[in-house]
Every structure is written in C-alpha cells, then in structure tokens.
Amino acid sequence: MKTYDNDEKEVKTDKSDRKSESTITTKTGTRKTTTAKAKTTGVSKSTASTASKSRYTGDAESDFHTFFVDALKDIYWAELHLKKGLVKMCKASTTEQLSEAFSKHYDEGDQQIAELETVFSLLGEKSEAKRCEAMAGLLEEVESIISDTKRNSFVRDAGLILAAQKVEHYEIATYGTLYALAAYLPDKKVQKVLGAILAEEKKTDIALTKLAEEFINECAAVE
Ligand SMILES: [Fe+2]
Ligand SMILES: [Fe+2]
C-alpha cells in the first residue's frame, strides 16, 4: 500500500511494497522505476510493459475513463459557476472595453458549456457537475478584488484583469491536459471539441493582456 505526503511528495510503502521503496521515493513526486525502458521513456513500469499490447478502447469501467469523466465534471462545474463571476466582473468594470471583454466571454461560456455537454454524450455519460474547489477559490478572489478596489477606478480594472487571467490560466491548464489525454480516447471528436475550447481560452487571455498593456495598467499606475 502506498501513501502520499503532499508536502514532501514522498511515496512511502508498507512491507508488501518494500522491495521497490528506494526506486519510487522522490522529493519531486516523479515516479521512478527500475526498468531500463521506463527510465528512458519516463513511463511507469506497468505502462511500459502493457502499452504496446493494448490500447484504451473506451471501456466505461476503466480507471482512465472514470478519471477523465471526473475531470470533465470538475471543469463543467467551473464553467457553470464562472458565468455568475463574469456577470459580476462585467458590472464592476470601470471601462467599457473591459466590460465588453467579460460580456463576450460570458457568451462564449454558454457555448463552452454546450460543447462540454457534447463531450459527455460522446463518452456515453450524462452531463454532471462536481464542485471545483479551485474555481470556487478564484471566484472568491474576484469578490475580494471588487470589495478592495474603488468603484470607477483603473486600479479596479487592473485588479479584475488579474483575477480574470488567473481564471483563464486555470482553464487553459485544465483544457490543455484534457486535450492531451483525449488523444488516447477512441472517439477523436472529443479531442477536437476540447481543442476548440482551449483555443478560445487562450484567445481570451491574450485579449485581457492586450487591454492591460494598451492603457489600463498605465492609467492605474497614475490615478
Ligand atoms: Fe471557459
Ligand atoms: Fe475562460
């Protein structure tokens, strides 16, 4: 049996696993193995020995499927709740330009939610949301920034961009990973849909940077 210490990322094993203890204990959390092939490819021993023999075929009972669907439920919750956050950010914005950017992404959010529902159905699952603690925390930060900055100030807009870009980067990380994982799903449409959402999140992040660098940051610095 293995236990994980989150601070040290150290893997410990009990007696039944002791033989491999020295090979999987690491400060970085990267799992090491003893097979020459796994060392060179960076994949685990079991994966290295079985990957060439079989591929994941969409078995709904597999750990991979369960993990993937769980991650989808998490980002589905995040998207649903982000909509409320975007409404608040839109209303709290000082400038028309930032307000419009949030409003545009609100509309894109509707489309992304529909696309996630398509992914659920392509996987033979019903759309279900599971609380995403990361997004819940990021949305709390939005509230703090609104209450800690003055209405109609450029500092308010600079703060909203900061909060929104944290959200976008979280989404980019999530969709980026799901996109990479989806390469191993039998239905290639899943990866295509996730790739389109990922591209949209990146575009939003770039648009926010542009607004900040064009005038909002400078105005905030001198007001
Ligand atoms: Fe999104
Ligand atoms: Fe987004």
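**Helices side by side**

H4 and H5 are roughly antiparallel to each other; that term is for angles over 145 degrees, while under 35 is roughly parallel, 65 to 115 is roughly perpendicular and the rest is oblique. The angle between H4 and H5 is about 160 degrees, and their axes lie 9 Å apart. Axes here are lines fitted to C-alpha atoms, for helices over the stretch in contact, and angles run from 0 to 180 degrees between N-to-C directions.

Some housekeeping before we go on. This is a predicted model, where local features need pLDDT of at least 70, side-chain atom pairs count only at pLDDT 80 or more, and totals for chains, interfaces and linings use all residues. Residues are numbered from 1 along each chain as its sequence is written, and chains are lettered from A and ligands numbered from 1 in the order in which they are written.

Now the overall count. The protein has 8 helices and 2 strands. Helices (H or I, at least four residues) and strands (E, at least two) are DSSP runs, numbered from the N terminus. What is the order of the elements from the N terminus on? It is β-β-α-α-α-α-α-α-α-α.

How much of the protein is buried? Of its 223 residues, 23% are. Buried is a matter of counting: 20 or more other C-beta atoms within 10 Å of a residue's own make it buried, 12 or fewer make it exposed, and in between it is partly exposed, with C-beta atoms placed from the backbone. As for contacts with a separation of 6 or more, 61% are between residues 24 or more positions apart. A contact means that two C-beta atoms, placed from the backbone, lie within 7 Å.

**Back to H4 and H5**

The crossing of these two, H4 and H5, is left-handed. That means the near helix is turned anticlockwise from the far one by less than a right angle; clockwise would be right-handed. Who meets whom? On the H4 side the residues include Leu 72, Ile 75, Tyr 76 and Leu 86. On the H5 side they include Phe 102, His 105, Gln 112 and Leu 116. By class, this contact of H4 with H5 has 15 nonpolar, 5 polar and 2 charged residues. For the classes, Ala, Val, Leu, Ile, Met, Phe, Trp, Tyr, Cys and Pro are nonpolar, Asp, Glu, Lys and Arg are charged, and the others, Gly among them, are polar.

Helix H5 covers residues 96–122, which is 27 residues. From first C-alpha to last, H5 reaches 39 Å, close to the 39 Å expected at 1.5 Å a residue. The expected span is 1.5 Å times one less than the number of residues. Which residues of H5 are buried? Leu 98, Ala 101, Phe 102, His 105, Gln 112, Leu 116 and Val 119. Their cover includes helices H4 (63–92), H7 (154–182) and H8 (188–222). After H5 comes Gly 124, with a positive phi near 75 degrees.

**A loop residue: Thr 94**

Thr 94 sits in the loop between H4 and H5. Is Thr 94 buried or exposed? Thr 94 is buried, because 22 other C-beta atoms lie within 10 Å. Leaving out residues up to four places away in sequence, Thr 94 touches Asn 152, Ser 153, Phe 154, Arg 156 and Asp 157. Thr 94 and Ile 216 are 122 residues apart in sequence, yet their C-alpha atoms are 9.9 Å apart.

One of those partners, Asn 152, deserves a stop. Asn 152 lies in the loop between H6 and H7. With 11 other C-beta atoms within 10 Å, Asn 152 is exposed. Its phi is near 60 degrees, positive in a residue other than glycine. Most residues other than glycine have a negative phi.

Helix H6 (residues 133–148) packs against H7 at about 175 degrees, axes 9 Å apart. So H6 is roughly antiparallel to H7. Among the residues in this contact are Leu 138 and Ile 145 of H6, and Leu 160 and Tyr 170 of H7. The contact of H6 with H7 has 9 nonpolar, 1 polar and 2 charged residues.

Last pair. H7 and H8 pack at about 160 degrees, with axes 8 Å apart. H7 and H8 are therefore roughly antiparallel too. H7 passes H8 in a left-handed crossing. Their contact has 20 nonpolar, 7 polar and 6 charged residues.
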